[in-house]
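Please keep the sequence at hand while reading.

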Amino acid sequence: GVATYARTVRDASQSLSRLPLVLDARPAPFLPAWLAAVLGGTRDLRSLGSEVGRQRLEGDDLYRRAHIHFGYHKRLFRLRSRAHPFGIMHWTYPVPIQMTGWVNLYTVHDMIPIEQPDLTPINAVRHRAVLDAITAQATGIITVSHNARRAIIAGLGCAPDFVTNAGQSVDLPAPTDAQAAPALPGDLLPGGYLLILGSVEPRKNIAGMIAAYAASNT
């Protein structure tokens with residue numbers, strides 16, 4: 001899911017930069033976060049130096065502030081790093097934030113909240129407003145499948161070269177001769193079961209997958 005995607009992007013960044021930056025959002029009390037978000041303006045990030053092959057930037061309650069800010073101002077929450085005035089920021093979810101002076105890339109995993117709002121608890125109207133604001137100001141959108149890319153281009157009216165399908169990353173350890181095949185639980189046999197990985201929610205259409213598996217006679 002999104003967490004796996006974000007983790008693999010973070011790990012891959014070390015192969016793209018000598019010392020990649022990681023943005024941390026430090027928790028903060030709600031009232032100061034609300035007041036700061038409502039007042040607007042560009043927020044300066046703190047530079048915390050490097051650790052374990054990365055440099056860190058930090059801000060207070062950034063994601064909650066960004067959503068509060070967008071709710072009031074209908075525009076992206078602006079962040080700034082005086083220590084790093086330019087760079088590339090890869091937001092792994094369509095959050096209403098931008099790094100000023102940087103290339104801003106946003107991952108949009110699908111258009112389900114817009115196309116089929118009954119399948120997700122996400123507010124479709126607000127989500128569409130965030131996507132429209134991102135489309136107007138982003139350098140580009142990243143997605144994880146050809147189908148999602150087509151839906152984003154059609155749904156947001158983007159130019160085709162604005163949306164890039166990077167695929168969904170998978171991080172699996174290489175097998176070794178010493179590794180034995182894991183034992184299956186109970187009376188399961190190889191090829192005799194269906195394994196579905198994911199959360200149990202309407203948009204996963206688990207019932208449809210089970211029905212399709214049953215109809216396949218495999």
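In helix α2 (residues 30–39), the buried residues are Ala33, Ala36 and Ala37; buried means under 20% relative accessible area, exposed over 50%, and partly exposed in between (1.4 Å probe, protein chains only). Viewed down the axis of α2, these buried residues fall within an arc of 100 degrees, so they line one face of the helix. The arc is that of the directions from the helix axis to the C-beta atoms.

The model is predicted: local features need pLDDT of at least 70, side-chain atom pairs count only at pLDDT 80 or more, and totals for chains, interfaces and linings use all residues. Residues are numbered from 1 along each chain as its sequence is written, and side-chain values use heavy atoms, with hydrogens and water left out.

- Helices (H or I, at least four residues) and strands (E, at least two) are DSSP runs, numbered from the N terminus.
- The cover over the buried residues of α2 includes β2 (43–44) and α3 (62–73), where contact means heavy atoms within 4.5 Å.
- Leu31 and Leu39 are exposed on the other side of α2.

**The four-stranded sheet**
- Four strands form an open sheet in the order β6-β8-β9-β10, with parallel pairing; two strands pair if DSSP finds at least two bridges between them.
- At the edges are β6 (88–91) and β10 (163–165), each of which pairs on one side only.
- Strand β9 (residues 140–143) runs parallel to β10 and is joined to β10 by three bridges.
- Threonine 143 is opposite asparagine 165 in β10.
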